[in-house]
Amino acid sequence: MFASRGAYVGKPLQLGLSDEYPDVSIRGMEYFDCFDDPAFAKWQGGQLVYEADLITVFGILFPTDATKDWPGCSASFWHRSPPLAAAIAENCPDFDLMPLRRLAGPVPGWVETTDGFATLFLRPPSTPDAQDGLGVILYPEIGRSTLLTGIDRFGGVARFRRQSYGQISAQCPELRDVLRGRWKASDKKRRKARQERKVLRRRLKKAEGERGDRVFSFFETDPWVM
């Protein structure tokens, strides 16, 4: 039974168990940072088959079924590594970005979803074996945006980098009108946020002068916002 289905245990026990029971297929998983970064590993015949740390780049839910309370597909994006595909295929068999191609989007080939703070525009891979998907993460209210490139069907990302709204519009011209609309709609909120940061900056600078030391800066955006 264990050899066919696999036995799930905590990773610290896997190596010892694989030595004691080489005829058993042993799979293990660990989660870090509130389930954001799962790590999967598998031993078979006493040998390590794969070990993959799924380091999260971005995660968001797609509302794929309007009749259910559950939002639907969880679209997660990780740093791609060689064992990533095998680990996800075996441990998360239902995770696949390709079905999102069936959803209607703002422009042909792209789908969109938002959590109220960030908006994701996703162009899924062209084929199940391709690694040519693109993702644009827009934070219009704080004036930030990030481009994800080389996305595969398992959410593996080749590269992600913060870029300006103008740079992303130039690289994804088919999204230009959509991005412009989202950007303009949040212009007042961005100006208000900039003003609030300036006020905080002045207050912190004054506090630093009065205390004679450096006060932790709260006016910068949270570091996890790429």
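This is a predicted model: local features need pLDDT of at least 70, side-chain atom pairs count only at pLDDT 80 or more; totals for chains, interfaces and linings use all residues.

Colleague: Where is Gln163 found?

Modeller: Strand β12 covers residues 159-162, and helix α4 covers 165-171. Gln163 is found in the loop between β12 and α4.

Colleague: Is Gln163 buried or exposed?

Modeller: The relative accessible area of Gln163 is 11%. Buried means under 20%, so Gln163 is buried.

Colleague: Which side chain forms a polar contact of 2.6 Å with that of Gln163?

Modeller: Among the residues that Gln163 touches is Gln171. The polar contact of 2.6 Å joins the side chain of Gln163 to that of Gln171.

Colleague: How far apart in space are Val178 and Pro106, C-alpha to C-alpha?

Modeller: Val178 lies in helix α5, residues 176-185, and is buried, with a relative accessible area of 14%. Not counting residues up to four places away in sequence, Val178 touches Pro106, Val107 and Phe121. Val178 and Pro106 are 72 residues apart in sequence, and their C-alpha to C-alpha distance is 7.1 Å.

Colleague: What arc around the axis do the buried residues Leu84, Ala87, Ile88 and Asn91 of helix α3 cover?

Modeller: In helix α3, residues 84-91, Leu84, Ala87, Ile88 and Asn91 are buried. They are on the same side of α3, because the arc they cover around the axis is only 90°.

Methods: Residues are numbered from 1 along each chain as its sequence is written. Side-chain values use heavy atoms; hydrogens and water are left out. Helices (H or I, at least four residues) and strands (E, at least two) are DSSP runs, numbered from the N terminus. Buried means under 20% relative accessible area, exposed over 50%, partly exposed in between (1.4 Å probe, protein chains only). A polar contact is a pair of N or O atoms within 3.5 Å; within protein, one must be able to donate a hydrogen and the other to accept it, and residues adjacent in sequence count only if both atoms are side-chain atoms. Contact means heavy atoms within 4.5 Å. The arc is that of the directions from the helix axis to the C-beta atoms.
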